[in-house]
Amino acid sequence: MAKVSVYNTDGKEVETIDLSDNIFGVEINETLVHKAVVAHLANRRQGTQSALTRSEVRGGGKKPWRQKGTGHARQGSIRAPQWTGGGVVFAPKPRDYAQKMNKREKQIALFSVLTSKVQDEKLIVVDNLDMDTPKTAAFVKVLGNLKADKALVVTSEKNDNLVLSARNIPDVKTVPTNSINVYDILNHDALVITKDAVKAIEEVYA
């Protein structure tokens, strides 16, 4: 089992804890990590883009001029794609971009990125992050004490005061353990996680 230090909000080490090798010490599977990121980004797409084809554009029912004798190229409709205001060729239509991964693949990808944070010494365990009142300046100071820039902050459950304190800090995001995902972990340099959140993750995936 890997041992990591637990810090307080002043950045001082208060204890050490063991991390489960089944979650924080697995063999990194880059293929599934990539697949998880692609699926996450695809699932975020709304897929609501739409344009009109020539059959959907209003007007154009009358042939603009006779077929022969005008000196112009023959035209059947002023709503053909080559006309200004005409329809779009192969127009995009609403579609679902969602990609699926099975449960085990998602777990392996998540364990892989958690392991990578441990190996890179970017996993910072904190004994407690409870805040009595929302205070951005106070939380900025906490992150400075922990030397955590561009951090994903993970707590065992949603903490409204913590969320309000962190939401105006650039490149900082807070999530409860049931909302962590591969993309967010990779998209932040440091993973700041409470001691209770570590236990919660280990209990869920035990």
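**View 1. Asp 184 and its salt bridge with Lys 173 in the predicted model.** Asp 184 is buried, with a relative accessible area of 6%, because anything under 20% counts as buried. Its side chain meets that of Lys 173 in a salt bridge, with 2.8 Å from N to O. Since Lys 173 belongs to strand β5 and Asp 184 to helix α6 (residues 182-186), the pair ties together parts that are 11 residues apart in sequence. Lys 173, for its part, counts as partly exposed, at 36% relative accessibility.

**View 2. The salt bridge between Lys 195 and Glu 15.** The side chains of these two residues meet at 2.8 Å, N to O. Lys 195 lies in helix α7 (residues 195-204) and Glu 15 in strand β2, so this pair ties together parts that are 180 residues apart in sequence. Glu 15 is partly exposed, with a relative accessible area of 30%.

**View 3. The salt bridge between Glu 56 and Lys 93.** Here the closest N and O atoms are 2.7 Å apart. Both residues lie in the loop between α2 (30-44) and α3, and so the pair ties together parts that are 37 residues apart in sequence. Glu 56 is partly exposed, with a relative accessible area of 40%, and Lys 93 is also partly exposed, at 32%.

**View 4. The open sheet of six strands.** The strands follow the order β2-β1-β3-β6-β4-β5, with mixed pairing, and the edge strands, β2 (13-19) and β5 (173-176), each pair on one side only. Strand β1 (residues 2-7) runs antiparallel to β2 and is joined to it by six bridges; in β2, Thr 16 is the bridge partner of Ser 5.

Key: Residues numbered from 1 in each chain as written. Predicted model: local features only at pLDDT ≥ 70, side-chain atom pairs only at ≥ 80, totals over all residues. Heavy atoms only, no water. Pairing = 2+ DSSP bridges. Helix = DSSP H or I, 4+ residues; strand = E, 2+ residues; numbered from the N terminus. Salt bridge = Lys/Arg side-chain N within 4 Å of Asp/Glu carboxyl O. Buried < 20%, exposed > 50% of the residue type's maximum accessible area, 1.4 Å probe, protein only.
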